[in-house]
Amino acid sequence: MNIENLVNQIKEKYEKLGENPETYLKGLLQAKPINYWDYIEVDTLLSLQKPRTNFKDEEIFIMYHQVTELFLKLMLHEIKQVAVEVNYTEEFLMNKFTRIIRYTQMLINSFDIMKDGMNYDDYNVFRATLAPASGFQSAQFRFIELHCTGLENLMNEAGRERISSNPTTEEYFDHIYWKDAGLNRKTGKKNLTLTLFEEKYLHQFISLANAMKGKTIADRLNELPNKSEALLNLLREFDHLYNVAWPMVHLNTAKHYLDSKNENQQATGGSEWKKYLMPKFQQRKFFPAFWSNEEKEKWGESI
Ligand code: HEM
């Protein structure tokens, strides 16, 4: 496109908006060039690490959580596009799930930064200042679940036995697997980590689950005829990476810091973490229809 043509198009654009193109062209002449640091908001990004102690490794802990939240945002960015797409083609789904898998793998492959990248003794001191905060309170982690699958797939075995035959969304949330991290089902008492998390996010989770009813990615994939073996493999891979492989590197890190000397220390979020964090206990699967009964029974046993 030559410059004259380009100027004419700019003229046309602003005339259509009822504006004087000359004003905008003059503005363009004076505008400063954009910089990397402004566009990427580098200063803001690098000002977000605010340790509560003087332990150097606390910054690693904060930054790695922030990096994870950004990756979860990248994943949600793709997952939301999959959820709203009207026409699923094999190519679209393969492309999107390849991206989503790539992000999940990066989270799994980098988790060593948490396990081996911090001083054991320092971590075990500074973590006390974080209570009752816990990664458990990551809302994006739950938003991903609610876009990917129905609430019926976010129940563990005991939850499925407890729940009524035609539950409301609210009842589902009373029995959802993650409540087991902070609710004593015998006494009905909730710990502070769970109470604060629900106060902030439960209403958002309920509205999202209602909006996604029958329209989650799993619901839509189940209805899709003629899925290729390649696509099914990709969907199973994501399900396994997010719901077994990541939980296992995370659990092994928790074991490293909280139990490597057999002391079974309490986590900042106060859960019975050794039991709660096991994929076999949580039984969280996004796409159960694509697994055999045997694979479901052995969920989380082999990795
Ligand atoms: C030293 C590193 C870490 C340790 C020792 C650790 C430990 C734990 C423990 C024990 C729990 C169970 C809840 C509780 O009682 O607090 C938990 C939950 C959780 N943590 Fe971590 N964590 C670590 C790093 C991370 C990181 C980097 C993330 C990334 C955001 C994260 C995200 C989560 C999530 C999403 C849950 C809930 C999992 C679920 O409900 O299935 N954690 N963590």
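These legends accompany views of a predicted model.

**Figure 1. Overview of the chain.** The predicted chain contains 17 helices and zero strands. Along the principal axes, its C-alpha atoms fill a box of roughly 75 × 55 × 35 Å. Of the 303 residues in the chain, 23% are buried. When contacts between residues at least 6 apart in sequence are considered, 73% join residues at least 24 apart.

**Figure 2. The shell around the ligand.** The ligand is surrounded by 24 residues. The closest of these are Ser 134, Gly 135, Ala 267, Gly 269 and Ser 271. Helix 14 gives the most, with four residues. By class, the shell has 12 nonpolar residues, 12 polar residues and no charged residues.

**Figure 3. Packing of helix 5 against helix 9.** The crossing of helix 5 and helix 9 is left-handed.

**Figure 4. Residues where helix 5 and helix 9 meet.** On the helix 5 side, the residues are Glu 69, Leu 72, Lys 73, Met 75, Leu 76, Ile 79, Lys 80 and Ala 83. On the helix 9 side, they are Gln 140, Phe 141, Phe 143, Ile 144, His 147 and Cys 148. The contact between helix 5 and helix 9 comprises nine nonpolar, two polar and three charged residues.

Figure 5. Helix 9 is largely enclosed by the rest of the structure, because seven of its 10 residues are buried. The buried residues are Arg 142, Phe 143, Ile 144, Glu 145, Leu 146, His 147 and Cys 148. A residue counts as buried here if 20 or more other C-beta atoms lie within 10 Å of its own. The elements that cover the buried residues of helix 9 include helix 5, helix 12 (192-212) and helix 13 (217-223). Among the buried residues of helix 9 are Phe 143, Ile 144, His 147 and Cys 148, and these four residues also meet helix 5.

Technical notes. Residues are numbered from 1 along each chain as its sequence is written. This is a predicted model: local features need pLDDT of at least 70, side-chain atom pairs count only at pLDDT 80 or more; totals for chains, interfaces and linings use all residues. A residue is near a molecule or strand if its C-beta atom, placed from the backbone, lies within 6 Å of it. Helices (H or I, at least four residues) and strands (E, at least two) are DSSP runs, numbered from the N terminus. Ala, Val, Leu, Ile, Met, Phe, Trp, Tyr, Cys and Pro count as nonpolar, Asp, Glu, Lys and Arg as charged, and the others, Gly among them, as polar. A crossing is left-handed if the near helix is turned anticlockwise from the far one by less than a right angle, and right-handed if clockwise. Two residues are in contact if their C-beta atoms, placed from the backbone, lie within 7 Å. A residue is buried if 20 or more other C-beta atoms lie within 10 Å of its own, exposed if 12 or fewer, and partly exposed in between; C-beta atoms are placed from the backbone.
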